[in-house]
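Please keep the picture at hand while you read.

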Amino acid sequence: MTEVRMPKLGESVVEGKIARWLKQPGDTVREFEPLLEVETDKVTTEVTATVGGTLVRIVQAEGAVVAVDGVIAVIGAAGAAVAAPVAPAVHAAPAPAAPVAAGFAATPLAARASGGAWVSPVVGRMAAEHGVDLTQVPGTGEGGR
């Protein structure tokens, strides 16, 4: 049996959200064949199998946020017995630590605008988590970012 782990999809990426499984338990998997789609703050990408065989078990359901190197599935030898399917992930929205400034959504993957200046999803999420009102922060980057 081989554990499939959440890959590191970028230098600063520490976790990924399982967007969609492309294979189901019992399916035959070839090496380098796409298994699932993973979503990060910047990209959605396909993750491929590192070995061939049978997808024995899905450890993390669609919607689950998994740390880099966390186990997400198990691939066994061709024809291996299949484990019971995993229950869908249920996530409650985290409560912000402080009130979120007007005009900023709490969803980290949505782009936001502030006084005409674009705010990246990462900056928006960090501002929301720390209760920072970005309308009070002067941008020093291109176009007032």
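Strands S6 and S8 run antiparallel and are joined by four bridges. Within this pair, Leu 55 has Ile 75 of S8 as its bridge partner. Two strands count as paired if DSSP finds at least two bridges between them. Strands are DSSP runs of E with at least two residues, helices are runs of H or I with at least four, and both are numbered from the N terminus.

Before we go on, a word on the model: it is predicted, so local features need pLDDT of at least 70 and side-chain atom pairs count only at pLDDT 80 or more, while totals for chains, interfaces and linings use all residues. Residues are numbered from 1 along each chain as its sequence is written, and side-chain values use heavy atoms, with hydrogens and water left out.

Read from the N terminus, the order is β-β-β-β-β-β-β-β-β-β-α.

S6 and S8 belong to an open sheet of four strands, ordered S1-S8-S6-S3 with antiparallel pairing. Strand S1 (2-5) and strand S3 (28-29) are at the edges with a single partner strand each, so one side of each has no neighbour in the sheet.

Another open sheet of four strands has the order S5-S4-S2-S7, again with antiparallel pairing. Its edge strands, S5 (44-48) and S7 (65-67), each pair on one side only. From one strand to the next, the twist averages 45°, an angle between lines fitted to C-alpha atoms, taken in the N-to-C direction on a scale from 0 to 180 degrees. Strand S2 (residues 15-21) pairs with strand S4 (residues 34-39) over four antiparallel bridges, and three bridges join S2 to S7. Here are some bridge partners in this sheet:

| Residue | Bridge partner | Strand of the partner |
|---|---|---|
| Lys 17 | Glu 39 | S4 |
| Arg 20 | Glu 37 | S4 |
| Glu 15 | Ala 67 | S7 |

Which residues have the most contacts inside the largest nonpolar core? They are Ile 18, Trp 21, Leu 35, Leu 36, Ile 72 and Ile 75, in a core of 17 residues. S2, S4, S6 (53-58) and S8 (71-76) each give two or more residues to this core. A nonpolar core is a set of buried Ala, Val, Leu, Ile, Met, Phe, Trp, Tyr and Cys residues joined through side-chain atoms within 4.5 Å. Buried means under 20% relative accessible area, exposed over 50%, and partly exposed in between, with a 1.4 Å probe and protein chains only.

Beyond its neighbours within four places in sequence, Leu 35 is in contact (heavy atoms within 4.5 Å) with residues including Val 4, Trp 21, Val 47 and Ile 75. Of the 145 residues of the chain, 30% count as buried.

Most residues other than glycine have a negative phi. Phe 32, in the loop between S3 and S4, has a positive phi near 70°. Phe 32 is exposed, at 60% relative accessible area. Asp 69 lies in the loop between S7 and S8, with a positive phi near 80°. Asp 69 is partly exposed, at 48%.

Finally, pLDDT is the predictor's confidence in each residue, from 0 to 100. The chain has a mean of 76, and 70% of its residues reach 70 or more. Over residues 90-114, pLDDT stays under 50.
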